[in-house]
Amino acid sequence: MGSFTNFMASAIFFIVLSFFLVPTRTQEEGFISVVISSQGLEFSKDLLIEQAVSSIIPLQLPQIEKSVKIPLVGQVHVVLSNITIYNVDIASSYVETGDSGIALIASGATANLSMDWWYSYSSWLFDISDNGDASIQVEGMEVGVTLALNGQEGTLKLSVLECGCYVKDISIKLEGGASWLYQGLVDAFEGQIVSAVEDNISKKIREGIMKLDSLLQSLPKQIALDDIAALNVTFVGNPVLSNSSIEFQINGLFMAPNDDFASRLYNKGSLGPVPFNAPAKMVEISLHENVFSSASLVFFNANYMQWVINKTPDQSLMNTAGWKYIVPQLYKQYPNEDMELNISVSSPPIMTVVSNGINITVYPDVTISVMDADEVIPVACISLEIHASCSPDILINKLAGTVKLNHVTAYLKWSKIGNLHMHLVQAILSTILKTVVVPYVNLHLWKGLPLPLPHGFTLHNSEIISINSRLSIFSDVAIAERSPTSVGHHWYISCKDEALLMACLKVT
């Protein structure tokens, strides 16, 4: 029976964030940190108890039989079968963390068992047998396990240091047959019943931990964001256990699938302490700004930061007639010709976490071309320096964001149509960026970056604080409740917006 496998897996998965425990090199730095606070540990403990009670029931114990010598009767063979725990109530529980590991204790528990009994006695004069059922009340039961959580070649090794179950007292009540005659007889089995309860509960706990540990060793090294980028979710070093929290370090950098090149490019440096006024929540998930920089690097290296624009909400901007008073030479040489803009980012965007969000600096080149018959004729190239900001937000269990264009500076790189009035060109390019490129980027940003949270849980009452080069999410955690209506609505809007934007912009 895998009862304790399920109950240990669900609660300890939250404690160790096991969906992200995978191999890494010990010399690497962690760019995502996860801290489970005392509130989070308390939540885990409560969940553990709830799952333990539901998953352990029913727990069937091995059959017990032996021969007992009864005065004036002789040897009587007795069998206790179908011994089943069908109810458990926990009076109190607690969790402790420290250098020695994680201790989970449930005390003052009671349990109800049922069983069948049967006996037989044979002599040269007669044969006697009888049977019936019995109820057993277990009082003062304590169950405890101490776990060691250590780094092992980049993954986490989960092992049992101590595990035990102690039963203070039991009472047995027989029913059926002349049961009142045999109460003393069955009381002789009290010690064996107690041992069976203690041994089997301890055994189930150990089995559950062993299976959970095996699962940790088999998890993947990367979580694919799409076919271009994957998040390195390998653990770095050992978890830090204090008397009130557990902290994990995750590599957290984006990379091309099956490539760890990005991990060698960044150095985290020193992170400042958590702000004094940090909210008191169950978990803190902190992302260093290099997490975002690594994402921009991967998409840049994949040539994903190149766009061709030939349609805009104001389509007059895609015809030389719309530029007649901005670049007269363009209209004079190519009157009423359609145009397209080829935007190519020249270097990975610079991402910096600041006190109010994320600052972004991008250096793209915009090539202005004229569509003359079937020929695309480049006529000018403009270099831009774009300053934008991103306001992060939590979308279910993902980190999403909204980009706002703050300032654009345009420089003429080359021209086949003479000198340009750059302040006018800058204004029109800013309009195109705001109406086409920024909405397209925001559409993808709102698909979100998955956060390291086990399946079946969701963030609740989240707050975001950005400081000291890191963006920190302080949040409570709740059991997820799927809401098809709201999820479907978001997806419909995303698909609708994407269709409109893709009509204006294509990625080269």
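Figure 1. Two strands pair if DSSP finds at least two bridges between them. Helices (H or I, at least four residues) and strands (E, at least two) are DSSP runs, numbered from the N terminus. The model shown here is predicted, so local features need pLDDT of at least 70 and side-chain atom pairs count only at pLDDT 80 or more, while totals for chains, interfaces and linings use all residues. Residues are numbered from 1 along each chain as its sequence is written, and side-chain values use heavy atoms, with hydrogens and water left out. Strand β5 (residues 92-98) runs antiparallel to strand β6 (residues 101-122), and seven bridges join them. Two residues lie between β5 and β6 in this hairpin. Across the pairing, V95 stands opposite L104 in β6.

**Figure 2. Open sheet of β10, β11 and β14.** Strands of a sheet pair through backbone hydrogen bonds, either parallel or antiparallel. Here three strands form an open sheet in the order β10-β11-β14, with antiparallel pairing. β10 and β14 (254-255) are the edge strands, each pairing on one side only. Between β10 and β11, which run antiparallel, there are three bridges. Q222 stands opposite N232 in β11.

Figure 3. On a 1 Å grid over the protein atoms alone, a cavity is a set of points where a 1.4 Å probe fits but cannot get out, and lining residues have an atom within 4 Å of a point. Grid points are joined across faces, edges and corners, and a volume is the space filled by probe spheres set on the points. A search of the whole structure finds two cavities of 30 Å³ or more. The second largest cavity holds about 30 Å³ of space. Its lining is made up of I223, A224, L225, L231, F254, L449 and P450. Two or more lining residues come from each of β10 (222-224) and β23 (449-450). By class, the lining of this cavity has seven nonpolar residues, no polar and no charged ones; Ala, Val, Leu, Ile, Met, Phe, Trp, Tyr, Cys and Pro count as nonpolar, Asp, Glu, Lys and Arg as charged, and the others, Gly among them, as polar.

**Figure 4. Aromatic pair of F43 and F457.** Rings of Phe, Tyr and Trp (its six-membered ring) pair if their centres lie within 6.5 Å; planes under 30 degrees apart count as stacked, over 60 as edge-to-face and the rest as tilted. The structure holds three aromatic pairs. One of them joins F43 and F457 edge-to-face, at 6.2 Å centre to centre and 70 degrees between the planes. This pair links distant parts of the chain, 414 residues apart: F43 is in helix α2 (residues 38-56) and F457 in strand β24 (residues 457-467). F43 and F457 are both buried, where buried means under 20% relative accessible area, exposed over 50% and partly exposed in between (1.4 Å probe, protein chains only).

**Figure 5. Aromatic pair of F235 and F248.** The rings of F235 and F248 also form an edge-to-face pair, 5.3 Å centre to centre with 85 degrees between the planes. F235 lies in the loop between β11 (230-232) and β12 (240-241) and F248 in strand β13 (residues 246-250), so the pair ties together parts that are 13 residues apart in sequence. Both F235 and F248 are buried.

Figure 6. A disulfide is a pair of cysteine sulfur atoms within 2.5 Å. By this rule the structure has zero disulfides. For C165, the closest cysteine sulfur is that of C163, at 8.7 Å, too far for a bond. C165 is buried, with a relative accessible area of 10%. C381 is buried as well, with a relative accessible area of 4%.

Figure 7. N82 is not a glycine, although its phi is positive, at about 50 degrees. N82 belongs to strand β4 (residues 74-89) and is partly exposed, with a relative accessible area of 42%. I396, also not a glycine, has a positive phi of about 60 degrees. I396 sits in the loop between β21 (375-395) and β22 (398-415) and is exposed, with a relative accessible area of 53%.

**Figure 8. Loop residue S347.** S347 is in the loop between β17 (338-345) and β18 (350-354). The relative accessible area of S347 is 26%, which makes this residue partly exposed. Along the chain S347 and Y363 are 16 residues apart, and their C-alpha atoms are separated by 6.5 Å.

Definitions and conventions
1 Å grid on protein atoms, 1.4 Å probe; cavity = no way out; pocket = protein on both sides within 12 Å on 5 of 7 lines; lining within 4 Å.
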